[in-house]
Each structure stands twice: as C-alpha cells, then as structure tokens.
Amino acid sequence: MSEKPIILAELEIAQQKALALLAEIQDEEPLQAWKREYLGKSSTVMSAFSSIGQQSKEFRPLVGQVANQVKQALEAALEERARIVTEAALTRKITDERVDVTLPGRQPITGGLHPQTLVLRRIFSIFAEMGFQVYRSRDVESDEHNFELLNIPAHHPARDMWDTFHIDQPGVVLRTHTSPGQIRVMREQAPNPIRAILPGMCYRYEQISSRSEIQFNQVEVLAVGKNITFGDMKGTLNGFVRRLFNADVRTRLRPSYFPFTEPSAEMDVECFVCAGKGCSVCKGSGWLEIMGCGIVHPAVLKNGGYDPEVYSGFAAGMGPERISMLLHKIEDIRYFWGNDARFLEQF
Amino acid sequence: MKIPLSWLKDYIDLDLSLEELARTLTMVGLEVEVINVIGLPLPENTGRQEFKFTGLAWNPEKFIVAQIDEVMPHPDADRLTLCRLHDGIQEWVVLTGAPNLFPYKGMGTLEQPLKVAYAREDAILYDGHKPGYELTKLKRTKIRGVESFSMVCSEKELGISDEHEGVIILDSDAPTGTPLVDYMGDAVIEVAILPNMIRDASMVGVARELSAVTGKPLKVPSRKVTSTGPKIDDLAAIEINDPNLNPRFVLGLVQGLSPKPSPYWVQRRLRLAGMRPINSIVDATNYVMLETGEPLHAFDYDVLIQRAGGKAPTIITRAVTKGENLTTLDDVERPLDQHTILVCDTAGPLSLAGIMGGLESEVTETTRNVLLEGASWNFINVRRTSSRLHLNSEAGYRFGRGVHPALASWAVDLGLERMAAWSGGTIAQGLVDNYPQPPLDPLVSISVQDVERKLGVTIPAKQIAVILTRLEFVCKVSGDVIEAQTPPHRLDIGEGVIGKADLMEEIARIYSYNNIPETNLADELPPQRNNLELANEEKIKDILAGLGLQEVITYRLTSIERETRAYLLGQTPDPENYVRLLNPIAPERSVMRQSLLASVLEVLEKNARIRERLAFFEIGSLFIQEEENNLPVEPRKLVIGMSGKRNIPIWNQKDTGNLDFYDLKGVLEELLEKLHLEAVAYQPTEHPSMHPGKTAQILVGQTPIGVLGELHPRVKQNYDFLTPAVYVAEIDLEALLPLIPLRFESQPVSVFPPVLEDIAIIVEEAVPADRVEALIRQTGGKLLADVRLFDVYRGDRIGAGKKSLAYSMTYQALDHTIESGESTALRNKIVRRLERELGAVLRDN
Ligand SMILES: [Zn+2]
C-alpha cells in the first residue's frame with residue numbers, strides 16, 4: 001500500500017484554515033474573496049478534484065470522497081456565514097439609516113372643492129336619507145313666482161322683508177329666495193306628494209359687508225302631502241340640525257312671519273360656540289338663528305295646484321353660508337365669493 | 001318697539017321675572033332683542049343667558065329718593081349751588097351745577113321741598129360729562145373748596161335718557177328715604193314687531209298677548225274725564241271722498257288749553273319708549289299712539305277756522321289731484337302723486353294722511369284749541385307714499401301696515417282726556433265720526449280635527465276657545481267646531497281656508513310651539529327619482545378636484561366692462577343680450593354674467609400674486625336675454641383656468657417648468673375618460689378669447705362640447721397676470737351632460753404575457769398626431785392592448801417639414817400568448833398602413 005497522497009493532508013489543512021478564516025469574516029466583500037480562495041478554480045479543493053486523475057488508483061476514490069466532504073463542509077459553512085453577514089449588514093443598514101423627518105415632504109398636486117359645495121352636499125345628503133330630492137330652478141324669476149304666487153302681492157307690507165333687484169324687463173326680478181321653486185315644483189308634481197330640497201343662488205339689494213352679501217345661497221325644504229303636520233316639521237328639522245351640528249344640540253322654534261307659511265317659525269339652535277352662555281357669535285343671546293320655517297300657506301298650496309282642504313305641508317329655508325360661518329368660525333361672508341386660494345384651500 | 005315695563009304694567013298684572021317675561025314675549029312672536037334695565041337688578045349670572053341685557057342697576061343702598069329743602073348759593077362760584085338735602089336718615093349739603101335748581105337759589109327753606117334722585121358716596125352710575133354711557137364710581141373730592149361725595153342725579157347719570165341739562169325733579173308725592181329702584185326702577189324691553197303683528201306696536205297690544213298666555217286679565221284703558229264743553233256737532237264736519245282710501249274719520253275737540261311740559265312721568269315714559277317729549281299736546285297724541293297703536297293728529301283749531309273764513313271747518317279727505325304740493329311739518333315742500341291721500345279743508349291740503357301733518361295747521365306754543373284727528377287709511381296708499389317720499393314716521397309705520405278703524409274713536413277719546421289733563425282746557429261733547437266702511441271682521445270656523453291635521457296635536461275645543469277668547473275673539477263652541485268672530489282691532493284674519501290658517505297660527509302661538517310634540521314624517525313618500533344633472537355636475541367637480549384643480553364660486557352679478565376684458569376687441573357678447581339690473585348696487589355689479597370665463601379669469605388674476613401654480617374651475621350659470629319680455633335662458637357652463645408653474649419647486653423637487661396647453665389637455669382627457677365618454681376628438685378652432693394657433697374644439701362623436709386653448713396674448717394683456725401664459729377651457733354642460741352614459745362596461749384583464757415594442761415613424765408636419773394614433777389602433781385591433789406616444793422629434797436628422805413620432809406598443813391577447821411571429825406580422829401590417837395612408841416612413845436608427 002502506497003503512502004497516502006499529500007493532497008489529503010493539504011485538504012485537511014485547507015479546511016481548518018478556511019473555516020478559521022471564515023469565522024472572522026463580517027462583510028460581503030471578504031466573503032466573496034474567501035469564496036474565490038477556498039472554493040474557486042485554483043482552490044485546494046478544486047485542485048484536489050482535478051488532481052484525482054494523477055493519484056494512484058487505490059486512492060482515487062478516497063481523494064474524491066475527502067475533497068467532496070471538504071467542499072460540502074466549506075459550502076455549508078459559507079452559506080451559514082453568508083446568512084450571518086447579510087443579516088448583520090441589514091441590521092447595520094437599519095441602524096445607520098436616518099432621514100430628517102422634520103424636512104418638508106414632496107408636495108403632491110392637490111385640488112379641492114369650494115366650501116359651499118361641501119356644505120350643500122352635507123345638507124343634501126342628510127335630507128336625501130329622509131326621502132327629499134334636489135330640485136333646482138332659475139335665478140332670474142318673474143315677480144309672479146318670486147312674490148305674487150307666494151302670497152306676497154304688490155305693495156304688501158311683507159315686501160319690505162326683501163330688498164329686491166329688479167331687471168329692466170317689466171315684472172322680472174333676481175330671485176330673493178329659493179321659494180319660487182316651491183311653486184315650480186308643486187305645479188310639476190301635483191297631486192303627488194312632495195319632498196324636495198331647493199338650493200340656489202339668491203340676490204338681495206344690500207350693502208356688502210362682513211355680515212351681508214348681495215348674492216347668497218339658500219336651501220329651501222318643502223314637504224307636501226295629505227298628513228303633514230307642524231309636529232312633522234319639528235321632527236324633520238330637528239333631525240336635520242342634530243345631524244348637521246351634533247346629536248344633543250338644543251333647539252327652539254319661536255313664532256315668526258313669512259307670507260308663504262302659516263304658522264311660521266324661526267328655528268334657533270343653542271350656540272355651540274359658548275354652549276348657550278352668550279358670546280359675540282350669538283350676540284349674547286345664547287341662541288343662533290338657523291332657519292325660517294312654517295306650514296305652507298293655503299294660498300300657496302292652491303297656487304301650486306293642491307287643495308288646501310286636503311293637502312298640507314311645511315317649508316323651511318336656510319342659508320348655507322351662515323351654516324358654514326358658524327361651523328368654521330368664518331368671520332367675513334365676503335370670503336365666499338372672494339375666492340382667495342388661501343381661504344379656499346383650508347376646506 | 002321699546003316697551004317700558006312700568007307702562008306695560010298699567011294694562012296687566014305681571015309677576016314674571018324680566019327673563020321669564022322676555023321668554024314669554026319671544027314665544028308669542030314678539031322677539032326680544034335687548035332688555036335695558038333702568039335701575040332694576042340685572043339677572044344673576046347663571047352661566048346660561050337667553051337674552052341680552054344692558055343698562056344700570058341702582059343699588060338700593062346708594063340711590064335714594066331725597067328732598068331738597070333749600071338751594072343755597074355757592075360762596076365762590078356762580079354756576080354752582082349748595083343744596084340742603086334730607087335722605088330720610090339725615091341732612092346733607094350737596095354741591096350741584098344743575099341749571100334747573102337756580103330758580104330756587106336763595107329762596108330760603110322751600111315750602112314745597114324738591115324731590116330728587118340722590119346718589120350716595122360709592123354709588124356706581126354713568127358719567128354725565130362724558131359722551132356715551134361710561135360707568136363711574138362716586139368718590140369724595142373737593143370742588144372749589146367744598147367737599148363733595150354724593151350727588152343729585154340727572155336722567156343720563158341714571159341711564160334713563162341722554163338728558164343731562166338738569167337734575168330730575170320727581171313728582172312731589174315721591175316718598176323721601178325710599179330706595180330709588182323701589183320708587184321708579186324700570187326696564188325697557190325692546191321687541192321686534194313682525195309685519196303681520198302691527199296691532200302689537202302698542203302697549204295694549206303687547207299686554208293682550210301676555211294676557212292670552214298668562215290668563216291674567218287685560219285692563220283696557222277708557223276715558224274717565226267727562227266732556228263739559230259745547231256739543232261738537234256744529235263745530236266741525238267731515239267729508240270722505242273715497243271710503244276705500246279712508247274708511248273712517250273721527251274728530252274731537254279740546255278748547256282753552258295751553259301747551260306746557262308734560263308731567264315728568266309722561267316725559268319719562270315717552271323717552272323710554274324712544275320718543276322725544278315736545279309739549280303736553282303733542283305728547284298726548286304720541287302717548288296714546290304708543291298706548292293703543294292708533295296714531296292721532298292734532299290740528300290748531302283756530303288756524304282751521306281762519307282758513308274757513310271764520311266758519312266751522314270741514315275736513316275733506318281725498319286722493320291727490322295732479323300737481324299738488326304740501327309743506328309738511330318738517331318744513332319740506334313735497335311733490336305728491338295720485339296714490340297719496342290728503343287731509344284737506346275747504347282751503348286746501350292740511351296733511352299727508354296717515355304719515356305727517358302739514359306745517360300751517362301744526363300745534364304751536366300759542367295753540368289754545370285743538371281739533372284731534374283719529375282715522376283709518378288704506379295701507380297700500382300710505383306705504384306707497386311714505387316709500388316714495390322716503391318719509392318714515394311712527395304714524396306711517398303703523399298705518400302702512402294696517403290699523404283697524406275701530407281704534408279711532410277709542411284713541412281720540414283717550415287723547416282728549418290726556419290732553420285736557422295735561423294741558424288744561426275742556427272737552428267738547430261728543431265726536432264727529434264718519435265711518436262709511438267698517439271692515440268685515442271675518443267669522444271663521446275651525447275644528448279640533450283641523451288643528452290636529454295641521455299641527456299634529458289634539459287640543460280640546462274648549463281649550464282652543466279659551467285661547468281665542470283671551471285674544472278677544474268671540475267664540476261659539478259646538479262639539480268639535482269653534483266659530484270665532486274676529487275682534488275689532490285686527491285686520492290680519494282672512495276668511496274661509498285662509499282664516500283657518502290664520503287662527504291656526506294664533507292657536508299654535510299661544511299654545512306654544514314648544515308644546516307641540518316632535519314627530520317623524522309618516523306621510524306617503526313621493527316617487528323617487530335621481531337628479532342626474534346635479535349628480536353629473538358633482539361628479540365632474542370631484543374628478544377635477546382629484547386632478548389638482550380648486551373649485552371656485554364667483555359673483556353672477558358683474559358689469560359689461562368686466563366681461564369685455566375677457567374678449568378680443570369687437571368680439572364681446574352682444575350687449576343686447578345682457579340681463580340688466582334696474583337698481584344695481586354699484587356699476588361693477590350691474591348685469592348678470594354672460595361669460596363664466598371672465599369670472600374665472602378674475603379669480604386667476606386675483607390669485608396670481610398669491611400662488612405660483614394656478615388651477616381653478618367653476619361650474620355655474622350664464623344669463624342670456626334672448627328675447628324681449630321673456631325670462632332669460634340660464635345655460636350651465638364649466639370653465640377651467642390654469643397658469644403658472646406645473647409644480648411648486650421645493651428642496652427635493654425640481655422646477656418642472658410652466659403649465660402648458662398639454663397640461664390642460666391632459667386634464668380634459670382625464671375628465672372625459674373618467675366620465676366614460678367615447679369618440680372624443682380635438683380639432684383646431686377659433687374662439688374670441690383664445691390664441692388662434694393654440695385652440696381646440698372638443699368633440700364627443702359629432703357633438704361639440706367646448707373648447708380649450710391658450711388665452712389670447714392680447715386678451716391676457718387686459719389682466720394683471722405675472723405668469724407667462726394662461727390656459728382655459730370652456731365646456732358647455734348643456735351639451736356634455738346628456739352624453740354621459742348612465743352605465744359603462746369594464747374591460748377584462750389578460751393573464752397572458754404582453755409583447756412590448758417601440759416604433760418610430762416619420763410623417764409630414766401637417767399630419768395630425770391623433771390621426772396617426774387612430775390608424776395604429778384601428779389596424780392593431782383587439783391584439784393591440786395599448787399605444788403610447790412617447791417622443792416627438794423634429795430636426796435635421798429627418799429633414800425640414802417633417803416630424804418623427806415614437807410609439808410604445810403593447811400587444812396582448814385575452815386568450816393566448818402572442819408569439820413573436822404574430823406580433824411581427826401585426827407590426828408590419830400597422831407600418832404598411834401608415835406608409836400607405838399617411839406616407840409615413842419607418843424610422844430606424
Ligand atoms: Zn354664543
């Protein structure tokens with residue numbers, strides 16, 4: 001039996017040395033160098049494989065076997081080490097990486113809706129769930145629809161309630177309220193029951209100031225049917241107000257006057273700025289006027305095509321600008337049509 | 001209207017606190033605006049305030065009824081006096097400068113002591129020498145060597161009025177030593193009178209409402225002084241020309257009186273109610289008007305006799321005949337029109353009926369005999385006259401809303417009594433009363449079921465009758481039906497179904513809105529339908545906001561000049577088509593807009609100095625007067641305006657330049673895509689506001705829906721923009737909205753891998769890009785899943801007048817993997833088609 005080939009010893013030495021060195025490696029780069037050194041083409045292991053043919057026949061299987069074992073051992077160790085190195089590298093990366101979180105973010109291009117679109121949608125959606133549908137009508141109205149058919153004849157004292165813009169066409173005005181839509185919707189729907197929301201731009205001849213505008217939105221609520229009562233009006237409007245402001249806001253109805261409703265009422269909600277204590281928003285009264293309402297006047301029902309002995313209904317009118325002003329502490333009504341981006345972008 | 005509490009209490013016993021009273025008034029429809037306390041304590045701060053309180057509370061320890069026993073001269077100052085005064089406990093010497101005490105100076109001990117309002121040291125009161133109402137505390141000082149620590153008060157110092165000329169001299173029976181608040185503490189409740197409640201612009205009216213709610217009896221005043229003069233019948237006569245204008249006219253006469261200052265309590269009440277005391281005659285008419293709601297007018301009887309040539313005057317009422325003028329007692333000569341009603345005598349006009357007296361027959365200091373008028377007028381005529389002449393008087397305010405003629409004789413009676421009591425004189429017997437047209441005073445029947453049906457609450461017939469009776473309706477109850485006769489002081493109750501609604505309001509008011517239970521609508525729902533137009537408009541707003549645009553809402557009132565700015569010279573909207581205001585508030589808001597573009601350009605201009613990137617849109621109406629004597633058409637439009645930077649450069653984001661035509665076009669493409677519109681095409685077009693080479697018309701199928709493009713540089717010069725170019729789109733929503741499909745179909749997504757390939761072709765410059773893409777798509781058919789133009793090149797390498805278009809193509813099938821042979825074949829087919837139809841050349845580099 002000839003002497004064991006020297007390669008076997010070399011393999012053992014190489015394995016020991018390689019494993020020892022591998023245990024020290026911390027980074028990817030030396031790991032690759034180690035791989036080239038101990039598993040590359042000119043490594044001891046690979047040389048051992050290529051030397052098999054030169055070995056004496058009896059040792060050839062042994063050299064092959066040992067080389068294989070060493071190769072597998074080194075590969076396994078490499079794999080394990082690589083895992084550790086990668087893991088350590090990730091840990092280091094995570095530990096080292098930092099952004100200045102206080103630097104401003106990249107600005108996305110944003111757009112937005114006008115605050116009055118937003119508040120109108122809120123109003124519509126609350127009423128929609130109670131079966132009220134939106135009905136729009138015109139801004140430039142006949143005196144007949146804006147006044148006469150609403151039980152406001154010419155020279156009637158009630159006309160003082162509206163400072164009207166007149167048009168150079170006789171008998172034509174800019175609507176002073178959305179109420180003419182009541183007549184239009186009634187004439188279209190009679191004798192069906194009605195639950196309608198009538199939004200729209202209205203106009204009044206006034207000095208523009210932080211509190212009053214010549215152009216403003218109004219939303220009218222109209223319900224007509226055979227069994228509609230003052231109590232239903234209270235319930236519906238209270239339900240609306242509670243959803244718009246908050247669930248336990250207190251409200252009160254006090255008598256008022258509108259020519260197209262009778263009895264008429266003004267609805268106040270408890271001032272949510274001061275919780276009823278009295279502040280500048282509620283002018284010290286603890287209450288905020290939020291809408292006018294009432295039972296549809298028999299003359300109006302008749303003009304709309306409904307027999308007042310059979311049908312009844314209620315109507316209410318509110319100012320979405322006022323609602324926004326209260327909800328968002330807007331102190332100048334001129335902001336709405338002023339369209340300053342700095343204002344609009346806040347909503 | 002201002003209601004002094006003390007005055008109100010003449011007509012009803014009240015045991016309510018000020019707050020309860022205010023709440024009660026508000027809940028019957030007399031909304032309390034403010035409560036001004038005149039001495040009475042302010043409510044305790046409970047943390048919940050229902051009403052606004054102002055005014056001064058008089059501390060009962062500090063403000064006392066005192067008596068001045070002697071007014072002595074000041075040793076060193078002529079304009080000051082020293083008063084020997086007793087406050088019920090002890091005697092003091094008090095320094096004053098009140099001119100109304102001078103007459104008593106040096107008279108020694110006064111036989112009849114002067115009763116005054118005395119403020120002790122440390123009293124808190126208003127500073128009489130400062131303008132407005134400023135609180136001050138009485139401190140011990142020395143004035144001209146005399147120590148002063150208390151004072152005799154003026155009305156201003158006590159917050160009664162702004163009178164500071166002298167100190168208050170109380171009536172002689174004022175009890176010395178009593179706290180002032182107990183003697184004359186008061187409060188003025190200011191209420192808003194609704195247009196249909198003019199009957200309550202009076203103390204009795206307000207008391208009647210309170211009586212209805214509280215059940216306390218109403219004490220209606222009536223004349224107590226008897227007539228001792230001659231019979232009036234031969235002393236005056238009345239002729240009414242038109243009972244429609246003047247349903248009733250009443251005259252009474254007081255002889256031998258002389259005007260003087262009214263008693264202090266009368267002056268004080270008038271001042272608290274907001275009227276200036278004049279003299280005992282005029283004050284009597286005003287007092288009775290505030291008391292009853294019926295305005296009275298006093299004529300100098302001697303002037304009338306003189307005008308009648310020494311005979312008994314005849315009062316004639318009639319409408320103005322053409323060209324008449326009258327000088328009213330404010331010394332203004334007023335031209336009159338035929339709606340005005342005049343009170344005349346045989347010599348001509350005397351006064352504007354129901355509004356204001358004439359100068360000539362006015363009561364003066366020398367008046368000794370007064371003919372007193374109480375009447376009723378057609379409210380429409382009174383309103384027309386006062387609004388045409390801009391004459392706002394207390395009488396016109398009441399008559400312009402309708403005063404029941406029944407009040408006239410009652411008020412004249414009360415007026416005669418007060419005039420005689422305050423000015424001396426004797427009352428002639430009887431009244432001259434011409435009452436040709438009493439109003440109807442409807443009889444209305446209402447049932448428990450009517451009330452139930454409208455109010456949603458069951459109120460027993462008896463209770464309904466009680467409510468109405470307290471409001472002085474005369475009621476007959478039979479079963480569930482109440483027949484109510486309207487009382488002769490109100491004109492606001494109609495007949496039949498209207499009257500029923502009027503009564504309903506009375507019942508609800510007095511029953512209290514608060515007591516009507518809240519219910520949910522249980523009535524039949526109407527047929528449900530969508531408002532598609534609105535829904536689509538709102539969808540468009542959402543899409544545009546999502547694409548980075550800010551919605552605006554602008555004035556629909558504008559001026560022709562403002563709109564002209566948005567157009568090239570000579571291309572403005574037809575001025576004939578503007579809806580013009582007859583009474584604009586300002587020239588810049590004198591017409592309704594015809595251009596939404598002009599509105600949005602103004603917003604861009606305004607924000608150009610505020611933001612570097614401008615991207616706005618508005619949806620709104622235009623107003624176009626197409627035909628005379630018809631309502632204008634109000635088409636809806638969408639306008640988009642963009643200008644400035646594409647994005648805002650910041651530290652980690654570089655400047656990507658200015659917005660251009662294609663940014664705007666991208667917005668529109670995305671909008672129309674999200675609305676699921678098909679067959680959208682863009683064609684060069686012209687527009688009176690836009691750049692001729694950078695404007696496109698948008699077509700959906702064959703329908704033009706609007707234009708987009710660059711604002712014409714000459715139009716841009718009309719605006720104060722900082723930015724290089726402005727891009728605008730104007731969309732006709734009347735055209736667009738009906739095209740939006742109700743539903744759309746989604747496309748399946750392929751699970752087979754795509755084949756990607758780029759091709760570049762060279763075409764003549766004149767070949768439109770959308771034509772190329774359309775051909776590619778058409779030829780590629782279903783297998784061509786996507787085409788994207790990723791480069792456009794012009795330059796030397798391809799020669800002048802040509803452009804290179806590079807497309808990235810995606811081939812993908814739903815049912816198989818596309819092999820390279822298949823994709824090559826398709827590509828060749830596309831290229832051949834482009835070569836054949838557009839003369840394109842495949843570019844290979
Ligand atoms: Zn408040």
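**Zinc site, chain A**

I began with the spacing of the zinc donors along the chain, and in this predicted model they follow the pattern C-x2-C-x4-C-x2-C. I then listed the protein donors themselves, which are the SG atoms of Cys271(A), Cys274(A), Cys279(A) and Cys282(A), lying 2.2 to 2.3 Å from the zinc ion.

For the geometry I looked up the angles that the 4 donor atoms subtend around the zinc ion; they run from 101 to 113°, which makes the arrangement tetrahedral. As a reference I noted that the ideal angle for four tetrahedral donors is 109.5 degrees.

I also checked how far two of these cysteines are covered. Cys282(A) has a relative accessible area of 4% and is buried, and Cys279(A), at 19%, also counts as buried, because the cut-off is under 20%.

**Strand β5, chain A**

Next I turned to strand β5 of chain A, residues 215–225, and found it mostly covered, with 11 of its 11 residues buried. I asked myself which residues lie on each side of β5(A). One side holds Gln215(A), Asn217(A), Val219(A), Val221(A), Ala223(A) and Gly225(A), while the other holds Phe216(A), Gln218(A), Glu220(A), Leu222(A) and Val224(A), and both faces are covered. I set beside this the general point that side chains in a regular strand alternate between the two faces of the sheet.

For the neighbours of β5(A), I recorded that strand β4 (residues 194–203) of chain A is joined to it by 10 bridges in the antiparallel sense, and that Ile194(A) has Val224(A) as its bridge partner in β5(A). Strand β9 (residues 312–318) of chain A also runs antiparallel to β5(A), joined by 7 bridges, and here Glu220(A) has Gly317(A) as its partner in β9(A).

**Open sheet, chain B**

In chain B I traced an open sheet of 4 strands in the order β39-β40-β38-β41, with antiparallel pairing. The edges are taken by β39 (784–793) and β41 (841–842), each of which has a single partner strand, so one side of each is left without a neighbour in the sheet.

I then followed the pairing of β38 (residues 755–764) with β40 (residues 802–811), both of chain B, which extends over 10 bridges in the antiparallel sense; one of the residue pairs I noted there is Val763(B) with its bridge partner Lys803(B) in β40(B).

Last, I looked for what covers these strands, and found that helix α22 (residues 820–838) of chain B lies across β38, β40 and β41 of that chain, running at about 15° to β38(B).

How values were computed. Residues are numbered from 1 along each chain as its sequence is written. Chains are lettered from A and ligands numbered from 1 in the order in which they are written. This is a predicted model: local features need pLDDT of at least 70, side-chain atom pairs count only at pLDDT 80 or more; totals for chains, interfaces and linings use all residues. Side-chain values use heavy atoms; hydrogens and water are left out. Two strands pair if DSSP finds at least two bridges between them. Helices (H or I, at least four residues) and strands (E, at least two) are DSSP runs, numbered from the N terminus. Contact means heavy atoms within 4.5 Å. Axes are lines fitted to C-alpha atoms, for helices over the stretch in contact, and angles run from 0 to 180 degrees between N-to-C directions. Buried means under 20% relative accessible area, exposed over 50%, partly exposed in between (1.4 Å probe, protein chains only). Donors are N, O and S atoms within 2.8 Å of the metal (3.2 Å for Na, K and Ca); water is not among the atoms, so sites may look incomplete. Four donors count as tetrahedral if all angles lie between 85 and 135 degrees; four count as square planar and six as octahedral if opposite donors are over 155 degrees apart and all others between 65 and 115; anything else is irregular.
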